[in-house]
Amino acid sequence: MDRIEGRTVFITGGARGIGLGMARAFADAGAKLALADLDDEALVAARAELESRTAVHTVRLDVRDRRTYTRIADEIEATVGPVSILCNNAGVAGGAPVNKLTFELWDWVMGINVDGVINGMQIFIPRMIERGDGHIVNTASGAGLAATASGAMYTTSKFAVVGLSEAMRLELAPFGIGVSVLCPGPVRTNIIANTRAQEPPREGITPDERQRESDLAALADRILQGGTPPDDVGRMVLAGVKENRLYIHTDRMMEALIGQRTRELLDAMPPW
C-alpha cells in the first residue's frame, strides 16, 4: 500500500505507547485517524496533540465487546471515512507464576490479546473485501516467535497473533488486502504499569509473593525503558505497510527469530 495520504487508519490502544507512535507516524504521512483506548485522559491528550495535523476521531473501546466494537466501526466510517488500515494494537502484558494462574486471568489476557485482534479483523475484513482494498497490522511480540521469560499466557497469546496473521495474509491476498504482524523487542512504554492497574484481582497471594511479583514487574519495566522509542516503532510500521511486509520487527534479534527461510516459504505459498 504505497498511498497513505487521505486514508483512514483505525488503531486500538491508539492513545498510548506503540499505538500513539503509530498514530503520529500515520498522521505525518497524511492519514486520517480513528483512535480507540480505555484511558479517557490519554484519548483527550492524543486528540489534542494530533488534531492540528489531521482529522482525528477518538473512542473509548474495550476490544472484547463485539457489539460495541461493531457500532463504533460504523461510527468511525461515517465520521472519518472507510477504514483502509486497521491496526489491532491493544494488548496487555498479563501474567502470573504458573502455580497462581486462574481461569479468570487466562480469559482476560486471551480476551484482549487474541479475541481483540479477531474481533477487529472479523468486523473490518468484510468491509475491506467489499472495497477490494485494505491493510491490517496485528501487534504481536518477539515472544510470539520464541518462548521467553514473558510468561505462558502472554507468550501463548502472541504466538496466536503471529499464526493468525500468517494465515490471514495468505487468505486475504486474492482480495487485495495485506496483513502485517508487528513483532517488537523491548519498547519504551508503560504497558507493565497499565497492565497491573487493570488485571483481575487474584486471591491467595501472600505478601511475599506480591512483593516478588512487584520486583519482577519493576525489572521488566526497566528493560522496556531501555528499548526502542514508540515513535520509531510507529515509523517502522508505516514503512512496513507501504512495503506490504509480512513481519515488522524492531531489532536484529527479532529479524533473526523470523528467519529468511520462513519468510521465503510464506511468500511463495499460494492462497488456499
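In the predicted model, Asn138 is positioned opposite Val181 of strand β6. This placement belongs to the pairing of strand β5 (residues 134-139) with β6, which is parallel and extends over six bridges.

Strand β6 (residues 177-183) is largely enclosed by the rest of the structure, because seven of its seven residues are buried. The burial applies to both faces of the strand: Ile177, Val179, Val181 and Cys183 are buried on one side, and Gly178, Ser180 and Leu182 are buried on the other. Besides its pairing with β5, which is parallel, β6 pairs with strand β7 (residues 247-249), again in the parallel sense and over three bridges. Within that pairing, Cys183 faces His249 of β7.

Strand β5 is likewise mostly covered, with six of its six residues buried. Gly134, Ile136 and Asn138 are buried on one side of β5, while His135, Val137 and Thr139 are buried on the other, so that both faces are covered under the criterion of less than 20% relative accessible area. A parallel pairing over four bridges connects β5 with strand β4 (residues 83-88), and Ile85 stands opposite His135 of β5. From β4 the chain passes through helix α4 to β5, forming a right-handed β-α-β crossover.

Helix α4 (residues 103-131) also takes part in the lining of the largest cavity, where its contribution of three residues is the largest share. By the rule applied, one cavity of 30 Å³ or more is counted, and the space within the largest cavity is about 30 Å³. Its lining is formed by Thr12, Val63, Asn88, Asn89, Ala90, Ile112, Gly116 and Val117. By residue class, the lining comprises four nonpolar and four polar residues, with no charged residue.

Asn89, which is among the residues lining the largest cavity, is also in contact with Ile18. Ile18 is located in helix α1 (residues 17-28). This residue counts as buried because its relative accessibility, 13%, falls under the 20% limit. When neighbours within four places in sequence are left aside, the contacts of Ile18 are Asn89, Leu182, Pro184, Val187, Thr189, Pro230 and Val233. One of these contacts, Leu182, is a buried residue of β6. Between the C-alpha atoms of Ile18 and Tyr69, which lie 51 residues apart along the chain, the separation is 21 Å.

Val187 and Val233, both in contact with Ile18, are also in contact with Thr228. Thr228 occupies the loop between α7 (207-225) and α8 (230-242). With a relative accessible area of 14%, Thr228 is buried, because this value is under 20%. Apart from neighbours within four places in sequence, Thr228 contacts Pro186, Val187, Arg188, Val233, Met236 and Thr250.

Technical notes: Residues are numbered from 1 along each chain as its sequence is written. This is a predicted model: local features need pLDDT of at least 70, side-chain atom pairs count only at pLDDT 80 or more; totals for chains, interfaces and linings use all residues. Side-chain values use heavy atoms; hydrogens and water are left out. Helices (H or I, at least four residues) and strands (E, at least two) are DSSP runs, numbered from the N terminus. Buried means under 20% relative accessible area, exposed over 50%, partly exposed in between (1.4 Å probe, protein chains only). Contact means heavy atoms within 4.5 Å. Two strands pair if DSSP finds at least two bridges between them. On a 1 Å grid over the protein atoms alone, a cavity is a set of points where a 1.4 Å probe fits but cannot get out, and a pocket is an open set with protein on both sides within 12 Å along at least five of seven lines; lining residues have an atom within 4 Å of a point. Grid points are joined across faces, edges and corners, and a volume is the space filled by probe spheres set on the points. Ala, Val, Leu, Ile, Met, Phe, Trp, Tyr, Cys and Pro count as nonpolar, Asp, Glu, Lys and Arg as charged, and the others, Gly among them, as polar. A crossover is right-handed if, with the strands pointing away from the viewer, the path from the first strand over the helix to the second runs clockwise.
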